[in-house]
Amino acid sequence: MRILFIGDIYGQLGIDMLKDSLPTLKETYRPNLIIINGENAANGRGMTLKIYKELMGLGVAAITMGNWVWGNREIFDFIDESNIVRPINFREAKGKGSLLINYNGKKLLIINVLGRTFMNANLTCPFLTVEEEIKSINPDFSIVDIHAEATSEKVALGHYLDGLATAVLGTHTHIQTADERILPKGTLYITDVGMTGPLNGVIGVKKSIVIDRFLNGFSIPNEVEVGAAQINGVYLDFTTKKIERFHLESETV
């Protein structure tokens with residue numbers, strides 16, 4: 001099974017970059033399934049029905065989320081019937097924390113989970129929650145999107161699930177890391193797959209706003225940066241045990 005997992009789609013620029021890049025990525029990697037993280041798709045926060053339909057219309061099989069899953073309240077109206085995977089450690093929330101996809105006689109389990117370090121300590125334990133979900137469903141393959149702030153928490157979860165999960169992929173920090181590898185027991189791992197959206201902003205946000213916030217301690221609300229764009233993600237091949245990161249940039253400056 002060959003998978004493209006594309007990192008945090010940020011705003012309309014990210015959606016447009018995804019559209020523009022998919023033909024090249026499909027031709028290069030010939031994926032069976034495409035999975036994206038879409039928690040920042042709606043102008044940086046959350047997901048709308050219009051955007052969800054647009055993304056699924058591109059051939060996306062599933063959309064994972066993160067800490068901004070509830071950033072746009074419209075999601076409550078359609079998440080239950082969607083292929084959106086919200087963080088599994090929100091125990092009583094609407095939607096689903098995992099999604100089982102049948103492809104060519106094989107079952108792929110997709111799990112989204114939030115880290116707790118520097119984020120939300122009130123969530124259920126990401127380690128035990130994910131382990132329980134994989135063991136209870138016992139799929140042929142499993143992908144865990146660990147949406148977390150601390151790199152140490154992501155690395156630790158990768159090792160904790162090594163040999164149980166097929167792939168553990170980090171999201172949230174929007175900066176692609178260069179540590180993709182196969183862990184000792186065979187799990188494919190990367191600390192962060194990176195983001196898809198503005199190239200010259202600060203993790204997607206207009207740079208002047210964020211710089212002002214660091215200088216003065218306050219600023220106007222976030223806005224999506226304009227101009228050049230990027231797309232980041234990883235290609236996974238479960239048969240050959242391969243993980244390969246990719247990074248493309250638009251020509252617009």
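**View 1. Helices α3 and α4 cross at roughly 35 degrees.** The axes of α3 (residues 126–137) and α4 (residues 151–160) come within 10 Å, and the crossing is right-handed. On the α3 side, the contact is made by P126, F127, L128 and E131, and on the α4 side by E153, A156, L157 and Y160. Contact here means heavy atoms within 4.5 Å. Helices (H or I, at least four residues) and strands (E, at least two) are DSSP runs, numbered from the N terminus. Axes are lines fitted to C-alpha atoms, for helices over the stretch in contact, with angles from 0 to 180 degrees between N-to-C directions. A crossing is right-handed if the near helix is turned clockwise from the far one by less than a right angle, and left-handed if anticlockwise.

This is a predicted model, in which local features need pLDDT of at least 70 and side-chain atom pairs count only at pLDDT 80 or more, while totals for chains, interfaces and linings use all residues. Residues are numbered from 1 along each chain as its sequence is written, and side-chain values use heavy atoms, with hydrogens and water left out.

**View 2. D145 is a buried residue of strand β7 (residues 141–147).** Buried means under 20% relative accessible area, exposed over 50%, and partly exposed in between (1.4 Å probe, protein chains only). D145 has no salt bridge, and K154, the nearest side chain of opposite charge, is 7.5 Å away. For this, Lys and Arg count as positive and Asp and Glu as negative; His and the chain ends are not counted. A salt bridge is a side-chain nitrogen of Lys or Arg within 4 Å of a carboxyl oxygen of Asp or Glu. Beyond four places in sequence, the residues in contact with D145 include F5, T64 and L169.

**View 3. G194 sits in the loop between β10 (188–190) and β11 (197–198).** G194 is buried, with a relative accessible area of 0%. Have a look at D8 too: D8 and G194 are 186 residues apart in sequence, yet 6.8 Å apart in space, C-alpha to C-alpha. Other residues in contact with G194 include H174, Q176 and N232.

**View 4. K19 and E54 form a salt bridge.** Their closest N and O atoms are 2.4 Å apart. K19 lies in helix α1 (residues 11–29) and E54 in helix α2 (residues 49–56), so the pair ties together parts that are 35 residues apart in sequence. K19 is partly exposed, at 33% relative accessibility.
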